Number of protein chains: 4
Amino acid sequence: MSSSKQDIKVCIAVAGLGRMGKRHVKTLLNRVAYAQVVAVCSADPAELEWARNEYADWGIVVYDSYETMILHPGLQAVWVSTSTDVHASQTTAAIQKGLNVLCEKPLSTDIEEAQQVVKLANAHPHLKVMAGFSRRFDASYRDAKAKIASNSIGDPFLVRSQTCDLVDDTGFFVRYAAKNGGMFVDCCIHDIDLSLYYLGDVKPKAVWAVGTISHHPELAALDDVDNGVGVVEYWGGKIAYFYCSRTQAHGHDVCTEVVGTKGKVMVNLDPRANNVTSASSSGISHEVQPEYWERFEDAFATEANEFIASIVDNTPVPLKLELGLMSLKIGWALQEALLSGERIRFDEDGNKLDNVRGRL
Amino acid sequence: MSSSKQDIKVCIAVAGLGRMGKRHVKTLLNRVAYAQVVAVCSADPAELEWARNEYADWGIVVYDSYETMILHPGLQAVWVSTSTDVHASQTTAAIQKGLNVLCEKPLSTDIEEAQQVVKLANAHPHLKVMAGFSRRFDASYRDAKAKIASNSIGDPFLVRSQTCDLVDDTGFFVRYAAKNGGMFVDCCIHDIDLSLYYLGDVKPKAVWAVGTISHHPELAALDDVDNGVGVVEYWGGKIAYFYCSRTQAHGHDVCTEVVGTKGKVMVNLDPRANNVTSASSSGISHEVQPEYWERFEDAFATEANEFIASIVDNTPVPLKLELGLMSLKIGWALQEALLSGERIRFDEDGNKLDNVRGRL
Amino acid sequence: MSSSKQDIKVCIAVAGLGRMGKRHVKTLLNRVAYAQVVAVCSADPAELEWARNEYADWGIVVYDSYETMILHPGLQAVWVSTSTDVHASQTTAAIQKGLNVLCEKPLSTDIEEAQQVVKLANAHPHLKVMAGFSRRFDASYRDAKAKIASNSIGDPFLVRSQTCDLVDDTGFFVRYAAKNGGMFVDCCIHDIDLSLYYLGDVKPKAVWAVGTISHHPELAALDDVDNGVGVVEYWGGKIAYFYCSRTQAHGHDVCTEVVGTKGKVMVNLDPRANNVTSASSSGISHEVQPEYWERFEDAFATEANEFIASIVDNTPVPLKLELGLMSLKIGWALQEALLSGERIRFDEDGNKLDNVRGRL
Amino acid sequence: MSSSKQDIKVCIAVAGLGRMGKRHVKTLLNRVAYAQVVAVCSADPAELEWARNEYADWGIVVYDSYETMILHPGLQAVWVSTSTDVHASQTTAAIQKGLNVLCEKPLSTDIEEAQQVVKLANAHPHLKVMAGFSRRFDASYRDAKAKIASNSIGDPFLVRSQTCDLVDDTGFFVRYAAKNGGMFVDCCIHDIDLSLYYLGDVKPKAVWAVGTISHHPELAALDDVDNGVGVVEYWGGKIAYFYCSRTQAHGHDVCTEVVGTKGKVMVNLDPRANNVTSASSSGISHEVQPEYWERFEDAFATEANEFIASIVDNTPVPLKLELGLMSLKIGWALQEALLSGERIRFDEDGNKLDNVRGRL
């Protein structure tokens with residue numbers, strides 16, 4: 001039975017044991033048949049202690065150092081799920097050790113650095129290196145893409161997309177915000193990516209953004225906001241506009257509309273936790289998914305399976321690593337507009353023309 | 001029985017017999033108990049002929065001149081439903097004749113001229129003069145307002161609002177567009193008004209807008225677009241953003257969301273023609289109202305009844321005439337931003353600071 | 001101006017000043033241009049006092065006797081909105097006085113008596129006599145009918161319909177129940193009527209019903225229930241099934257589905273008070289209409305207008321008076337099944353075959 | 001690493017390679033970490049040939065005989081996914097060989113035979129033997145159950161549940177119908193089970209059912225229908241009513257409502273294929289899941305995982321085997337009512353009192 005596909009296992013390690021790292025381990029254990037989790041790492045003592053208990057019976061070695069972990073014997077792949085500021089260096093180190101890498105988005109909050117990683121990965125074409133834009137693995141977003149591809153809305157020219165998170169009073173978000181590049185680089189980047197996904201190969205022409213702080217005053221010191229609206233004008237008469245929020249009362253409310261010349265396709269306009277609806281003296285109601293995990297759990301499983309399959313079958317990764325670069329560029333320009341109050345223009349090749357900083 | 005309230009009749013004339021003028025006559029005849037339609041006027045020969053037939057048995061005198069009509073014996077009120085460019089002059093003439101006036105929004109596309117009418121009306125406080133922002137009479141918008149007033153969403157700080165019309169291939173819209181001031185002055189002004197309705201007494205700080213032409217190339221010569229996105233930053237950390245379109249495939253899709261610190265209230269996110277849903281081999285579907293008339297027919301009846309009641313009872317008009325001035329100002333700034341590509345700023349009193357024209 | 005259609009007035013009286021009688025007066029005053037309300041009557045001292053105050057300025061004479069009221073000079077029509085037990089006698093008296101009659105459904109809870117009234121009305125063909133099945137005037141039910149007529153669901157063969165009322169803790173419902181014939185005769189009769197409306201000219205073959213008392217124990221003494229499910233098998237392979245309830249927590253929840261060989265059409269599956277939706281920490285919700293009035297207010301206005309128009313234009317009434325007889329027959333059979341536990345059969349002409357009483 | 005939980009594998013075989021058998025193999029391979037599929041069997045030559053190709057690289061032995069397959073060395077469990085007529089005998093054989101069994105519902109269409117299997121299983125308490133009522137593993141049904149358990153609707157007293165399948169023009173359904181016991185035994189049994197799940201420990205008092213054939217005339221010869229409505233009155237004032245159909249145009253439409261004294265909870269009233277909605281000139285629409293597989297794929301994975309986990313952890317199976325017996329009894333009574341036209345009564349212990357056959 002040694003030649004059975006049921007015995008194929010890609011040895012993978014997960015870097016980072018925060019909220020998402022733990023979930024990725026579970027996904028790999030339960031929903032990715034070809035994966036064997038052999039190692040995890042964290043720099044956090046509490047996470048390490050938790051992991052040593054939790055993973056004791058699972059044959060998973062717990063490391064307190066990423067550098068040591070990637071030397072684990074037989075290791076084939078790493079899922080980088082650490083904080084954004086070390087994505088690039090950890091991905092670089094893994095590539096240099098000959099490992100396949102699935103790196104959480106974004107590769108870096110620094111465009112230059114992200115480009116360096118892309119260059120390095122391209123120099124190692126036998127390795128599978130991928131950045132995780134999880135929404136591209138969601139069945140509904142894919143169905144919307146297929147509908148557009150089959151011309152069901154005519155020529156798409158406008159995208160509205162929002163990423164609204166449940167308000168977080170634990171302080172977790174504010175700590176996290178310090179390292180993530182700001183509202184439009186961290187949160188809106190998914191919406192920017194979706195606008196590129198649906199509008200095709202478009203280049204930004206001008207952007208503007210405004211924001212406000214409704215709940216987390218500490219963000220002011222971080223040059224950030226907790227609610228922001230951004231608009232991107234693309235060359236060729238295409239438009240995208242975004243709303244991002246960290247302060248929603250009702251849950252994780254992420255939706256996208258694509259308007260075309262013959263119709264419109266919408267994803268998740270009515271966010272629902274499940275198929276249950278309740279009627280009571282206060283009316284008819286349903287619950288909302290509290291977090292992106294509940295909304296995108298299946299997408300993460302699909303992402304992991306497709307990444308692992310690209311290793312097993314030696315096929316291209318499902319998403320090219322370069323994919324996030326343009327989104328990052330637009331995200332930074334929106335952040336610059338937010339902070340300066342100015343609109344930021346680009347030339348027809350998508351090179352930024354304006355350079356302003358410091359709010360007027 | 002002569003003293004019966006069933007015999008009270010305010011003699012009213014309707015100016016303009018376009019699509020809406022005709023509807024207003026019907027509303028007055030069928031749904032406004034206190035109204036007696038005594039006259040109508042139009043400058044259009046076809047409309048005049050139609051009216052002479054249609055209204056022959058109804059005791060309605062058909063005039064080919066507004067100036068003559070407002071001399072009609074016993075006339076008490078005029079509903080100005082002509083094209084926007086004559087709203088101000090006709091309202092002025094009616095006030096000068098001592099008539100009560102319900103004028104379709106906007107009073108004028110020219111802020112100066114609108115202010116003159118307001119001044120004139122204020123000098124005639126015994127007359128009821130009102131501009132028709134019909135959405136303020138809609139039961140759902142009012143319910144949303146009541147919910148906000150009762151603190152159900154905490155402090156409102158962000159409004160998303162859209163006015164999307166069914167695509168019109170008859171040429172009607174393009175002809176109409178020539179006189180209406182452009183996308184943000186004509187169409188978006190309802191959404192701007194709603195942002196002021198829900199956010200309270202806020203002053204604009206900066207605006208930006210982008211647009212595109214997806215269906216009506218003739219609009220380019222009119223300095224207009226058929227799809228536009230605009231953002232208004234208000235002083236005090238409040239934001240509104242808008243999408244207006246004249247090219248929707250599915251119908252009249254007008255919705256508004258108000259986000260507050262404790263929740264969100266939404267009006268008409270799923271536009272429906274009625275309560276009917278169909279299931280067939282292509283899935284589950286429902287129809288959409290084709291036009292704003294079907295969506296706001298009840299609101300127009302409420303508006304007419306409340307206007308007439310203010311005359312009968314000698315109470316203030318339900319909406320102050322000044323109400324539209326700020327919306328008009330913001331609409332023009334958005335239009336200026338659209339055409340120039342620049343963001344337009346205002347001081348803390350809402351006075352426009354930037355003055356740019358001609359797209360860069 | 002005496003020949004103006006704006007001056008046409010049908011003099012009408014409203015019999016009964018309960019909840020619905022008062023609403024009918026308002027509808028006639030505000031939404032029926034051709035109607036003049038000249039009189040009302042009630043046997044209830046409190047209602048009479050209320051009416052004398054309320055209608056003092058409206059030129060409406062308040063009578064304490066139906067018999068006297070129908071002698072009101074110039075009276076042309078009566079809207080019978082009293083309790084069901086006097087519908088037939090009052091309709092009879094009005095016809096005999098030469099008056100047009102709009103009688104609330106049902107004409108009678110007694111089939112024999114109802115048939116007598118139909119016979120009398122048919123003997124006075126110049127009078128407009130109509131029973132008010134208000135749902136047949138609802139825009140959505142009519143749209144569903146039109147869709148079925150245009151073959152959009154193929155051949156309709158199955159109807160599900162429910163009439164569920166908000167629970168009433170005031171005691172009003174139980175008092176009302178004493179005179180109304182029971183759950184399937186009073187409440188379900190609308191659903192039975194809709195099954196006939198959508199399935200065409202079908203005859204019952206067999207019925208069965210069960211019920212329970214969840215909230216109003218006093219109903220046991222009245223041989224009634226507050227929740228009931230009934231099934232009607234029609235000859236020709238058609239089926240209807242119903243759910244009626246007086247104890248819903250969330251509001252007036254009335255919906256209907258019609259299944260055909262090619263699709264399904266549904267009316268009001270998601271009952272909503274208006275277009276407002278709220279999001280809060282407990283999820284996404286909307287309110288429900290509390291009562292059938294809010295759901296069917298427009299239908300009542302349409303009904304009144306069409307009835308009055310049939311008098312003005314001397315055209316047939318929009319609904320034939322006979323229409324309710326078959327529904328009444330089926331309603332009684334369901335009630336008999338409910339009380340006996342037996343299924344009740346009919347022959348192919350719709351004549352009842354089984355005769356059982358007293359629950360086993 | 002031999003002691004790692006990642007290496008735990010329960011060796012399981014799947015009996016039957018029809019539509020569902022193939023899906024179960026996939027579920028076990030991809031979503032059940034603790035399962036190793038070692039064998040499959042079928043009596044159908046085409047299925048066998050397909051399986052030999054498909055499973056060649058997966059270490060799965062393909063048998064043409066169930067009896068031989070259950071002798072497979074090291075086999076620990078069998079998933080019986082054959083036609084209903086052999087469920088009982090195959091389950092019996094597996095138990096006698098000392099295997100754990102997950103048997104598709106129902107254990108048998110014959111109550112006597114089903115009881116025999118239950119008795120046998122109870123005599124082998126160390127074996128995990130479970131009947132697959134897949135809806136009990138669905139997250140939404142479970143959430144509804146939890147809501148009811150937490151008293152969110154008061155005391156539940158009424159269930160409406162429907163199982164409506166997409167029309168099948170391939171002939172598959174009619175062939176399948178020949179062995180499945182009829183509409184109420186095969187299809188409605190899920191709804192009956194849900195009524196027991198939500199109403200608690202209730203006993204039937206009386207049932208009635210009607211049906212029609214709208215699409216598959218061949219069913220008449222099989223004493224079956226393709227659309228049926230059934231009502232169950234339970235002792236204690238509880239009611240359930242059901243609609244089952246094999247002829248829906250729009251997809252798999254399975255929903256359930258539970259009404260309580262304080263509210264109502266609803267599962268899947270608006271069946272959706274995914275989160276995508278489309279707007280076009282024909283309105284706003286969404287697709288529906290074509291089959292129960294798309295609706296319940298996750299539930300099947302949960303079911304398989306919980307069954308396998310009960311073996312690994314030696315805990316009770318998540319659903320007791322007896323669970324289906326009462327549903328089967330009620331299903332047969334509904335079928336008897338359907339065919340006879342009579343209502344069928346039960347005593348307070350749930351023993352059937354009436355025995356009628358042959359439609360009147």
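Select C:Thr212 first. In this predicted model, C:Thr212 is buried, with a relative accessible area of 7%. The cut-off for buried is under 20%, so a value of 7% puts C:Thr212 in that class. Now show the strand around it: C:Thr212 belongs to strand 8 of chain C, residues 204-212.

What is C:Thr212 in contact with, leaving aside its neighbours within four places in sequence? Colour the partners by chain. From chain C come C:Val225, C:Asp226 and C:Asn227. From chain D come D:Phe157, D:Gly237 and D:Ile239.

**Chains A and D**

Hide the rest and keep chains A and D. Superpose chain A on chain D: a turn of 180 degrees with a shift of 0.0 Å along the axis does it, at an RMSD of 0.0 Å. The two copies are therefore related as by a two-fold rotation axis. Where is that axis in chain A? Go to A:Arg31, whose C-alpha is the nearest to the axis in chain A, at 2.5 Å. The same surface serves both copies, as 98% of the contact residues of chain A recur in chain D.

Next, select the contact residues on each side. There are 41 in chain A, meeting 40 in chain D. Between them, chain A and chain D bury about 3,300 Å². Carbon and sulfur atoms account for 45% of that area. Which residues of chain A lose the most area to chain D? Pick A:Gln6, A:Trp58 and A:Asn275, which together make up 20% of what that side buries.

Stay at this interface and look for charged pairs. How many salt bridges are there between chain A and chain D? The count is two. For one of them, zoom in on A:Glu287 and D:Lys147. Their side chains meet with an N to O distance of 2.9 Å.

**The sheet of chain A**

Find the open sheet of six strands, paired in parallel in the order 3-2-1-4-5-6. Its edges are strand 3 (61-63) and strand 6 (129-132) of chain A, each of which pairs on one side only. Look along the sheet: the twist averages 20 degrees from one strand to the next.

Strand 5 of chain A, residues 100-104, runs parallel to strand 6 of chain A, and four bridges join them. Select A:Glu104 to find one end of a pairing; its bridge partner in strand 6 of chain A is A:Gly132.

Jump to chain B. Here too is an open sheet of six strands with parallel pairing, in the order 3-2-1-4-5-6. Strand 3 (61-63) and strand 6 (129-132) of chain B are the edge strands, each pairing on one side only. Strand 1 (residues 10-15) and strand 4 (residues 77-80) of chain B pair in the parallel sense over four bridges. Select B:Ala15; opposite it, in strand 4 of chain B, stands B:Val80.

**Chains A and C**

Finish with chains A and C. A rotation of 180 degrees, with 0.0 Å of shift along its axis, superposes chain C on chain A at an RMSD of 0.0 Å. Centre on C:Ser285: its C-alpha is the nearest to the axis in chain C, 2.0 Å away. The copies meet through the same surface, because 100% of the interface residues of chain C are also interface residues in chain A.

Definitions and conventions
Residues are numbered from 1 along each chain as its sequence is written. Chains are lettered from A and ligands numbered from 1 in the order in which they are written. This is a predicted model: local features need pLDDT of at least 70, side-chain atom pairs count only at pLDDT 80 or more; totals for chains, interfaces and linings use all residues. Side-chain values use heavy atoms; hydrogens and water are left out. Two strands pair if DSSP finds at least two bridges between them. Helices (H or I, at least four residues) and strands (E, at least two) are DSSP runs, numbered from the N terminus. Buried means under 20% relative accessible area, exposed over 50%, partly exposed in between (1.4 Å probe, protein chains only). Contact means heavy atoms within 4.5 Å. Copies are superposed by least squares on the C-alpha atoms of residues with pLDDT of at least 70 in both. Buried area is the accessible area (1.4 Å probe) that two parts lose on being put together, summed over both. A salt bridge is a side-chain nitrogen of Lys or Arg within 4 Å of a carboxyl oxygen of Asp or Glu. Axes are lines fitted to C-alpha atoms, for helices over the stretch in contact, and angles run from 0 to 180 degrees between N-to-C directions.
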